[in-house]
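Please look over the sequence and the model shown here before reading on. The paragraphs after it are meant to be read with the structure open alongside.

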Amino acid sequence: MGVIQTSDSDTATSDAEFCAEIRDWLAENLSGEFRDLRGTGGPGREHEFFEERLAWDRHLAAAGWTCLGWPVEYGGRGASVRQQVIFHEEYAKADAPARVSHVGEELLGPTLLAFGTEEQKRRFLPGVRSVGELWCQGYSEPGAGSDLAAVSTTARLDGDKWVINGQKIWTSLAHVADWCFVIARTEKGSSRHKGLSYLLVPMNQPGIEVRPIEQLTGTSEFNEVFFDDAVTEAGLVVGEPGDGWRVAMGTLTFERGISTLGQQIRFARELADIEALARRTGAADDPLIADRIDSAWVGLRVLRAHALRTMSEDTHDAGGASVSKLLWGNWHRGLGELAMAVQGAAGLVLGPDDMTAWQRLYLFSRADTIYGGSNEVQRNIIAERVLGLPREARP
Ligand SMILES: Cc1cc2nc3c(=O)[nH]c(=O)nc-3n(C[C@H](O)[C@H](O)[C@H](O)COP(=O)(O)OP(=O)(O)OC[C@H]3O[C@@H](n4cnc5c(N)ncnc54)[C@H](O)[C@@H]3O)c2cc1C
C-alpha cells in the first residue's frame, strides 16, 4: 500500500501482509453485533452507541489490535511506525467506529512507558491495553487553559495518601472514566512550572464530583470535575513529586501522533461526502463552492505531506507538532463551514428529531482550533521555538 516509501522489498512484503491481515480482520469483524457501528462516534457524535463502541474496543483489544507500538513485554506488538500508520489508515478506510479508549492508549500509556516506574507500568498498562479501564486528562482549570502553568488545584501528602482539592474543566470523558491523570500543585508556595506533580487518581470516590457541560451540539462530551478532599495513593505520582511539568509536557507530545494519518482518511471521506452532496443539489455548479471544494482537496494533500515528513524525520520536534495542529485544526473547521455553505438555507433548519451529521460536524469543528492547544498558542510556539522570534512577555 506504500504509505511510506521503502526500498527494502522484505519490509514492503511484510507491510503488505500486515495490511492484508488488518483489512481482512476488520472486514470479518465489523459484522454481526458490530455491523451497525461503522461510521459512528465522529466529531460531535461522541455520545453515539457508547456502550457498543466500548464493547468494540474490547473486542479489538482481545484480538491484539490495541497499543500496537508498545513493547511486547507490556502487551503491545512492538509494531514499527510504518505498521502503525497502516493500521490507522486501514481502520479509517473500513469506516470503523471512533475509539472510546484513546486517552489511555495514546496519552497515558506512552507517558507511563516514558516516565513511569516498573510498578506503575505493570499495574496500569494491562488495563489500558485490554480497555478494562478508561482514562481522562485533568489538565485545564477555569484559570489555567493555554496558560497551564497557572494550575491551582492542590495535593498534599497525608501519610500514605495524596489529598487533592480544586477544580478541572473541559475534562473529556470524565463521566465514563475510571482514572484521571491530574496536574496538581504539590509544593506549597510554589508558582508556575515548579512544584507541580502528575498524579493518577481514581474517579470513583466520594471526593470527586463530575458535572457534564452541555455543548453546542446539545450533548456532553466534556465535564467539570471537582476535587473535595479526593485521595490517591502516595505512590501514584508519575516522575518525581514537583517535576510534574516535565511529565505533563511529555504527554502533550504524544497527543495526535501516528493516528493523525487515520484521521486524514476520515477527513477525506467527509470531504468526498460533501462533494457528492454538492453535485446532487447542484451547489457544485456555483464556482465559489467548486473552488472551496478544490482548495479543500489541496489542503488535505498538504496535511498528508506534512504528517509523513514529520514522521519520517522521527523527531519530537515541537515546531512540527504545532504546524500539524494548525494545519488540520483550520482545515477541519473550514470543512464544517463548507458543509454549511453546500447545504445553503436547508442547513440552517433543524431536523424534526435531531441535528444532521453536517450540523454536528459544523458545530463541533469550532472546537478543533481550541483543544490540544489553540491556534494562537501554536503560532506562539512556532514563532519562538522555530523562528527564534522574541519570547512574549510572561507573568
Ligand atoms: C472539545 C474540547 C475537549 C477538551 N478536552 C480536554 C481534556 O480532556 N482535558 C483537559 O485538560 N482540557 C481539555 N480541553 C481544554 C483545552 O485544552 C483548552 O480549552 C485550551 O487549552 C484553551 O484553554 P482555555 O479554554 O482556558 O482558553 P484560554 O486559554 O482562556 O484562551 C482564550 C483565548 O485567548 C487566546 N490566548 C490565550 N493565551 C494566549 C497567548 N499567550 N497569546 C495569544 N492568544 C492567547 C486563546 O488562543 C483563545 O483564543 C478541551 C477543550 C475542548 C474544546
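This is a predicted model: local features need pLDDT of at least 70, side-chain atom pairs count only at pLDDT 80 or more; totals for chains, interfaces and linings use all residues.

A nitrogen atom of the ligand lies 2.8 Å from a polar backbone atom of Gln137, and an oxygen atom of the ligand is found 3.0 Å from a polar backbone atom of Tyr139. With Asn380 the side chain is involved, one of its N or O atoms being 3.2 Å from a nitrogen atom of the ligand. The protein covers 67% of the 970 Å² of accessible area that the ligand has on its own.

In the loop between strand E1 (135-138) and strand E2 (154-158) one also finds Glu141. Is Glu141 buried or exposed? With a relative accessible area of 4%, Glu141 is buried, because buried residues are those under 20%. The side chain of Glu141 reaches the backbone nitrogen of Ser152 at a distance of 2.7 Å.

The next topic is charge pairing. Side chains of opposite charge can pair when their charged atoms come close. In this structure there are 21 salt bridges, and one of them joins the side chains of Arg82 and Asp15, with 2.9 Å from N to O. Because Arg82 belongs to helix H3 (residues 81-93) and Asp15 to helix H1 (residues 9-29), this pair ties together parts that are 67 residues apart in sequence. The two partners fall into separate accessibility classes: Arg82 counts as partly exposed at 22% relative accessibility, whereas Asp15, at 7%, counts as buried.

Another salt bridge connects the side chains of Arg269 and Asp95, at 3.1 Å from N to O. Arg269 sits in helix H7 (residues 260-281), while Asp95 sits in the loop between H3 and helix H4 (102-115), so the pair ties together parts that are 174 residues apart in sequence. Here Arg269 counts as partly exposed at 23% relative accessibility, and Asp95 likewise counts as partly exposed, at 25%.

A further salt bridge is formed by Asp243 and Arg246, whose closest N and O atoms are 2.9 Å apart. Asp243 is partly exposed, with a relative accessible area of 26%, and Arg246 is also partly exposed, with 48%. Elsewhere, salt bridges that share partners join Arg23, Glu90 and Lys93 into one network.

The walk ends with Ala383, which is placed in helix H11 (residues 375-386). Its relative accessible area is 19%, and Ala383 therefore counts as buried, the cut-off being under 20%. How many Å separate the C-alpha atoms of Ala383 and Ile208? These C-alpha atoms are separated by 39 Å, and the two residues are 175 residues apart along the chain.

Notes:
Residues are numbered from 1 along each chain as its sequence is written. Side-chain values use heavy atoms; hydrogens and water are left out. A polar contact is a pair of N or O atoms within 3.5 Å; within protein, one must be able to donate a hydrogen and the other to accept it, and residues adjacent in sequence count only if both atoms are side-chain atoms. Accessible areas come from the Shrake-Rupley method with a 1.4 Å probe; for residues, only the protein chains shown count as cover. A salt bridge is a side-chain nitrogen of Lys or Arg within 4 Å of a carboxyl oxygen of Asp or Glu. Helices (H or I, at least four residues) and strands (E, at least two) are DSSP runs, numbered from the N terminus. Buried means under 20% relative accessible area, exposed over 50%, partly exposed in between (1.4 Å probe, protein chains only).
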